[in-house]
Amino acid sequence: MDLNLSDEQRLLRESAERFVAESYDANHRRKIAKDPLGFSPAVWKQFAELGWLALPIPEEFGGLGGGAVEIGILMEAFGRGLVSEPYVATIVLGAGLIDRCGSAAQKRAILPEISDGSLKLAFAHSERAARFDLAKVATSASKTAQGWRLSGSKIAVLDGHAADQIIVSAHIHDHKGPSGRIGLFLVTATAPGVAVSDYERLGGGRACNIELSDVHLPEDALLGDGHDALPAIEWAVDRAMAALGAEAVGIMQVLLDTTLDYTKIRKQFGRPLSANQVIRHRLADMAMQVDEARSMALRAALKVDAEPVERARAASGAKAKIGKCARFIGEQSIQLHGGMGVTEELEVGAYFKRLVAFDTLFGGSAHHYGRHAALGRATQPA
């Protein structure tokens with residue numbers, strides 16, 4: 001298998017890294033952290049102009065037809081700058097689910113607006129009692145004469161406060177009662193009965209909890225034809241984990257580079273820290289962990305369109321391994337910077353916080369080691 005980047009992929013990586021290096025410095029991040037929106041609408045518009053919002057959207061709907069590898073290239077660059085724009089929420093999760101589940105009419109209406117930056121989405125699926133079990137949905141959608149009525153609660157909705165529309169998963173109740181199917185519903189963020197309480201995420205960006213109290217929706221609010229959406233939800237979350245893994249790799253690379261530079265200039269007993277053999281071994285271990293994480297993120301991206309069990313094992317394997325690598329890299333960089341590592345003068349702490357947040361999104365390493373093992377047992381002959 002040829003794992004070298006194509007010319008187009010190299011150009012994408014170079015342009016993304018250049019944009020992030022020029023636009024995202026410590027002052028910009030501090031300014032955004034104080035903004036109640038949590039990101040810059042002007043930068044989001046630039047994303048649209050650069051074609052990044054259209055990257056994974058099919059060409060027939062105004063997109064560029066890119067895949068998970070291209071998203072990973074972009075996300076790694078975003079990790080280097082601690083980018084807080086709602087790319088995962090709107091493009092990776094939102095646009096992915098519209099393309100996977102939506103009817104032709106819904107795709108024609110929604111995907112071009114996502115491409116040009118005029119529509120932002122969020123995906124509300126996690127619930128407090130689910131504990132990362134994607135099949136466990138208590139929110140209900142009851143059929144009515146006019147359409148649907150939604151009731152329930154969702155937690156940890158990435159960038160839900162800034163979304164124009166929210167894709168909500170709910171257990172469908174038709175005229176016969178509970179159907180056993182999960183449906184996806186497009187809900188306008190300002191609809192009556194929708195209460196959003198947002199909060200700052202560790203390491204930058206925002207998320208929210210959503211209460212749905214008898215939210216009335218039209219018939220066409222249901223994405224697609226009402227078939228069980230669980231397989232599509234699992235696909236979208238696996239895809240998001242691959243993208244977040246690439247972002248974590250970008251963060252780890254910055255921490256490694258920063259720590260290498262610091263140990264070269266920081267002197268102890270008249271010698272640079274990097275002259276100490278023990279320190280060199282720790283730096284070598286950090287470099288090895290970054291390379292391992294990058295390989296796992298790439299594997300997860302390459303397996304996004306594989307058959308479900310193979311895709312899910314690659315995604316969970318990457319999430320578990322990268323989470324473990326991320327914690328090691330973060331802890332080592334903090335320790336090797338000494339007391340400076342936890343001050344605001346250096347940004348090591350900010351990068352470490354984002355890595356901690358990555359490990360908790362969509363389940364931590366322990367959860368995904370378990371999921372990976374369970375999927376492996378499911379494929380073994382009896």
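## Close-up views of a predicted model

**Figure 1. The largest nonpolar core and the part of helix H7 in it.** Of the 92 residues in the largest nonpolar core of this predicted model, Phe47, Tyr87 and Met252 touch the most other members. Helix H7, residues 230–265, supplies the largest share of this core, 19 residues. A nonpolar core here is a set of buried Ala, Val, Leu, Ile, Met, Phe, Trp, Tyr and Cys residues joined through side-chain atoms within 4.5 Å, where buried means under 20% relative accessible area, exposed over 50% and partly exposed in between, with a 1.4 Å probe and protein chains only. Helices (H or I, at least four residues) and strands (E, at least two) are DSSP runs, numbered from the N terminus. In soluble globular proteins, nonpolar side chains tend to be buried together.

Residues are numbered from 1 along each chain as its sequence is written. Because the model is predicted, local features need pLDDT of at least 70 and side-chain atom pairs count only at pLDDT 80 or more, while totals for chains, interfaces and linings use all residues; side-chain values use heavy atoms, with hydrogens and water left out.

Figure 2. Not counting residues up to four places away in sequence, Met252 touches Val290, Ala293, Ile322, Cys325, Ala326, Ile329 and Leu355, a contact being heavy atoms within 4.5 Å. A second, separate core has 23 residues, among them Ala122, Ala124, Leu150 and Leu217.

**Figure 3. Helix H4 against helix H7.** Helix H4, residues 68–81, packs with H7 at an angle of about 40 degrees, and their axes are 7 Å apart. This angle makes H4 oblique to H7; angles under 35 degrees count as roughly parallel, over 145 as roughly antiparallel, 65 to 115 as roughly perpendicular and the rest as oblique. Axes are lines fitted to C-alpha atoms, for helices over the stretch in contact, and angles run from 0 to 180 degrees between N-to-C directions.

Figure 4. Ile91 lies in helix H5, which spans residues 87–101, and counts as buried at 0% relative accessibility. Leaving out residues up to four places away in sequence, Ile91 touches Trp44, Leu53, Pro56, Pro86, Gly96, Ile114 and Arg239. The C-alpha atoms of Ile91 and Ala232, which are 141 residues apart along the chain, are separated by 15 Å.

Figure 5. UniProt lists residues 6–117 as "domain: Acyl-CoA dehydrogenase/oxidase N-terminal" in an unreviewed entry; its positions are given in the numbering used here, feature names are shortened, and annotations may be inferred rather than shown by experiment. Over residues 6–117 the chain is 69% helix and 0% strand, and the end C-alpha atoms are 27 Å apart. His28 is placed in helix H2, residues 26–34, and is buried, with a relative accessible area of 17%. Apart from its neighbours within four places in sequence, His28 is in contact with Ser23 and Val43.

Figure 6. UniProt places "domain: Acyl-CoA oxidase/dehydrogenase middle", from an unreviewed entry, at residues 122–214. This span is 0% helix and 61% strand, and its end C-alpha atoms lie 20 Å apart. Asp159 is found in the loop between strand E3 (147–158) and strand E4 (165–174), and its phi is near 55 degrees, a positive value in a residue other than glycine. Asp159 is buried, with a relative accessible area of 7%. Asp214, in strand E7 (residues 206–218), has a positive phi of about 50 degrees although it is not a glycine, and is partly exposed, with a relative accessible area of 44%.
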